[in-house]
Amino acid sequence: MKNKVPIGIVGLGYVGLVIAACFAKLGYQVTVVDIDEEKCKAINEKRSPIFEPGIDEILKKTPFKASMNPQDLADAAIIFICVNTPSKADGAISLEAIKKATEQIASVLKVKKDYCTIVVKSTVIPGTTQEVILPILEKSGKKAGQDFGLCMSPEFLREGKGINDFMQPDRIIIGEYDKKSGDALYDLFRDFKAPILRVNLTTAEMIKYASNTFLAAKLSFINEIGNICKRLGIDTYQVAQGMGYDERIGAKFLNAGVGFGGSCFPKDLKALIVHAKELGYQPKLLEEVKNVNDQQVLRMIELLKKHTSLRYKNIGLLGLSFKPGTDDIKDSVAILITQTLLAEKAIVTAYDPQAMQNFKKIFPQISYNNPDEILKCDAVLIITEWEEFSRLDYSKTKIVIDGRRVLKAKEALIYEGICW
Ligand code: UGA
């Protein structure tokens, strides 16, 4: 039996939350530190602070502790940094939160007697762990590679599928400052059934950006093919199916539609573009991946305008979250669609099974209603492919513009798919 070391986590976003829950489920003693009192309270009351399937069940069976006091990490042998690195106005990432979290950890290192390994999980631009995180940690008076270990291990889990993705990863990347640091993390992950790749810190950071921007590129590619298919009267999904049998291409992540959103792809794409330019390289492909995605949203509105004017028309939105299975609306295409419709003086009513509360915070001026009422609007836009939208009765709906290929909606009097 391997020795189960105490684990510390800083940050209760969905990555920190999922990692904490999964290690607790695996029998580790886990302590999470966050500056948000409400989130800590929720964890200590065995409730998930955000909507992520499976977390509540784990909290009930194998609870873990959340605290606002970084000194509660004093016993941890491995500390994961999982705070967010949001976009700044210029597209670069803000390091404010991660610097603060690292300072908190440095204050723990200062008084800590035994060796512990700090692992950056947050997505950071290549070079950040070495050039920003390491100097802050060494302000504790302790030396990396000697008194404490330092790793960068990017996380690839998806929102809404976090537990499964964490427990059954495709790969584990260990970026290590030195061999001893990497060994500590390797020991923690060696029982996972996944290839483990050990590289240096900067390479690990780049693997995360390359992976996310590649997936974003795959989506913009199939959306562009989809826009051409639409003009040819072809169903892009059949084309994607035909392509997907080729193992070099792969069948996954070829669902054309109204474009990608979320906390990661748009942010990571912008950050890598900005950084490439700082390095003196013009990343033309990445810029077009972003442009195709930005324009995809407006295509929904173009299609809608083919069938109706917008001024004072009731337009219904089905789906607000950036994808099904989450209440997250970060960079959801629903935001730009709503802004555009409101600018054109349309009257907007929306429904989402999970995300209406979050959407109301940005758009208190629109109406929210149940799906049956939405279907009575002058026109309906399908923005997120929640499963329940495939069970609605569209037969009396006047116009549906479908951004996610909910084929049941073809019952509507007028139906248009964005890429089919
Ligand atoms: C993404 C990556 O998939 C994860 O591997 C990564 O860990 C995560 O970002 C992150 O960096 O934290 P996530 O943002 O949760 O995960 O969402 P995805 O399931 O990848 O979907 C992203 C967007 O692409 C959604 O808006 C979705 O609707 C869209 N999408 C996805 C498509 O339009 N078509 C597809 O075929 C797949």
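These are my notebook entries on a predicted model of a protein chain.

**Ground rules**

I number residues from 1 along each chain as its sequence is written, and because the model is predicted, local features need pLDDT of at least 70, side-chain atom pairs count only at pLDDT 80 or more, and totals for chains, interfaces and linings use all residues. Side-chain values use heavy atoms, with hydrogens and water left out.

**Entry: the whole chain**

I began with secondary structure and found 14 helices and 14 strands in the protein chain. Both come from DSSP runs numbered from the N terminus, helices being H or I with at least four residues and strands E with at least two.

Then I looked up the radius of gyration, which is 23 Å for the protein chain, close to the 22 Å from the globule rule for 420 residues, so the chain is as compact as a globular protein of that length. That radius is taken over C-alpha atoms, and the rule is 2.2 Å times the number of residues to the power 0.38. Along the principal axes, the C-alpha atoms fill a box of roughly 70 × 45 × 40 Å.

How much of the chain is buried? Buried residues make up 55% of the 420. My cut-offs: buried is under 20% relative accessible area, exposed is over 50%, and partly exposed is in between (1.4 Å probe, protein chains only).

The accessible surface comes to about 19,200 Å², and 53% of that belongs to carbon and sulfur atoms. Areas are from the Shrake-Rupley method with a 1.4 Å probe; for residues, only the protein chains shown count as cover.

For contacts (heavy atoms within 4.5 Å), I took those with a separation of 6 or more and found that residues 24 or more positions apart account for 68% of them.

I also checked charge: there are 57 positive and 52 negative side chains, and the centres of the two sets lie 1 Å apart. Lys and Arg count as positive, Asp and Glu as negative, and His and the chain ends are not counted. Each charge is placed at NZ of Lys, CZ of Arg, CG of Asp or CD of Glu.

**Entry: domains**

The assignment gives domain 1 as 7–199 and domain 2 as 233–417. These bounds come from an automatic or database domain assignment. I get 33 Å between the C-alpha centres of domain 1 and domain 2.

**Entry: Gly11**

Where does Gly11 lie? I found Gly11 in the loop between strand E1 (7–10) and helix H1 (14–25). Gly11 is buried, at 4% relative accessibility. Asp34 is 23 residues away in sequence, yet the C-alpha atoms of Gly11 and Asp34 are 5.1 Å apart. Setting aside neighbours within four places in sequence, I listed the contacts of Gly11 as Gly16, Leu17, Val32, Val33, Asp34, Cys82 and Val83.

**Entry: Asp147**

Asp147 sits in the loop between helix H5 (128–138) and strand E6 (148–152). With a relative accessible area of 30%, Asp147 is partly exposed. Not counting residues up to four places away in sequence, Asp147 touches Tyr115, Cys116 and Lys142. Lys113 is 34 residues from Asp147 along the chain, with 8.9 Å between their C-alpha atoms.

**Entry: positive phi**

Most residues other than glycine have a negative phi, so I noted two exceptions.

Lys345 has a positive phi, near 70°. I place Lys345 in the loop between helix H12 (333–343) and strand E10 (347–351), and at 42% relative accessibility it is partly exposed.

Arg405 is not a glycine either, but its phi is about 60°. The loop holding Arg405 runs between strand E13 (399–402) and strand E14 (414–417). Arg405 is partly exposed too, with a relative accessible area of 23%.

Is Glu38 buried or exposed? Glu38 is exposed, with a relative accessible area of 55%, and belongs to helix H2 (residues 37–44). From Glu38 to Ala184 I get 32 Å, C-alpha to C-alpha, across 146 residues of sequence.

Lys376 is exposed at 56%, in the loop between helix H14 (371–374) and strand E12 (379–382). Lys376 and Val132 are 244 residues apart in sequence and 54 Å apart between C-alpha atoms.
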